[in-house]
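Today I opened the model and kept notes as I went. Two topics got my attention.

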Amino acid sequence: MRRALLPLLLTVALLGGCSTPTPESGPPPAPAGGAAALPGPVPADLALRPAPGTAPAAPAFTGALTDGTPFAAAELWAQRPVVLTFFNSWCTSCASRQAALSELARSYRDRVVFVGVAGADQADEVQDYLRAHQVEYPVVLDDQQTIWRSYAVREPPAVVLVAKGGALLRGWPGGLDAPTLDRRLRELVLAGQP
């Protein structure tokens, strides 16, 4: 009987026993706001209004997304309009508007890219904020607030609209609600929209 059990015991020992994998043993979830949140191809039917010839150039910037992926804003706005949202994880005004803003970003997915810029914040607190408010767009970490300063943002929230090609169309210190931003996108950048 002992000889019959020995091969079975060796097999169980080599295969790691009879334990089932736990959820903790799987790979950790990808950080919110990282490379997975970058847009897909530009839709073929995207129709845009031309930017006014008098609009200044938006300050180009580079940085790292929440997962460490290098990011260059000019690469995005070379192909489509970009909405920059400046926020902090502790900003109550940002939090009260974020769910609607996240929904608006989802509705414009790939046509207009939303990019969050988190200034002077802790990476883990930014992750908690992004997950709590279902933020599915890329987020740049701006620990030293250099991007904030280049856009003259003093405190959150703030929203900036950049046209395809990099023209700075409009900025809103103090931010704005999602329905107003939706109207402004239709007025300023999207052609053929009601």
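My entries below cover a helix pair and then a single loop residue.

**Entry 1: helix pair.** I am working with a predicted model. I looked up how helix α3 (residues 92-107) sits against helix α6 (residues 178-188). Their axes are 9 Å apart and meet at an angle of about 30°. Angles under 35 degrees count as roughly parallel, so I logged α3 as roughly parallel to α6. Next I listed the contact residues. From α3 come Ala100, Leu101 and Leu104, and from α6 come Ala178, Leu181 and Asp182. I sorted this contact by class: five residues are nonpolar, one is charged and none is polar.

**Entry 2: buried side of α6.** I asked which residues of α6 are buried. They are Ala178, Leu181 and Leu185. These residues span an arc of only 60° around the axis, so they lie on the same side of α6. I then checked what covers them. The cover includes α3 and the strands β3 (82-87), β4 (113-119), β6 (158-162) and β7 (168-173).

**Entry 3: Thr66.** I found Thr66 in the loop between β1 (62-65) and β2 (70-72). Is Thr66 buried or exposed? Its relative accessibility is 17%, and buried means under 20%, so I marked Thr66 as buried. A polar atom of the Thr66 side chain lies 3.2 Å from the backbone nitrogen of Gly34.

Note on methods
Residues are numbered from 1 along each chain as its sequence is written. This is a predicted model: local features need pLDDT of at least 70, side-chain atom pairs count only at pLDDT 80 or more; totals for chains, interfaces and linings use all residues. Side-chain values use heavy atoms; hydrogens and water are left out. Axes are lines fitted to C-alpha atoms, for helices over the stretch in contact, and angles run from 0 to 180 degrees between N-to-C directions. Helices (H or I, at least four residues) and strands (E, at least two) are DSSP runs, numbered from the N terminus. Angles under 35 degrees count as roughly parallel, over 145 as roughly antiparallel, 65 to 115 as roughly perpendicular and the rest as oblique. Contact means heavy atoms within 4.5 Å. Ala, Val, Leu, Ile, Met, Phe, Trp, Tyr, Cys and Pro count as nonpolar, Asp, Glu, Lys and Arg as charged, and the others, Gly among them, as polar. Buried means under 20% relative accessible area, exposed over 50%, partly exposed in between (1.4 Å probe, protein chains only). A polar contact is a pair of N or O atoms within 3.5 Å; within protein, one must be able to donate a hydrogen and the other to accept it, and residues adjacent in sequence count only if both atoms are side-chain atoms. The arc is that of the directions from the helix axis to the C-beta atoms.
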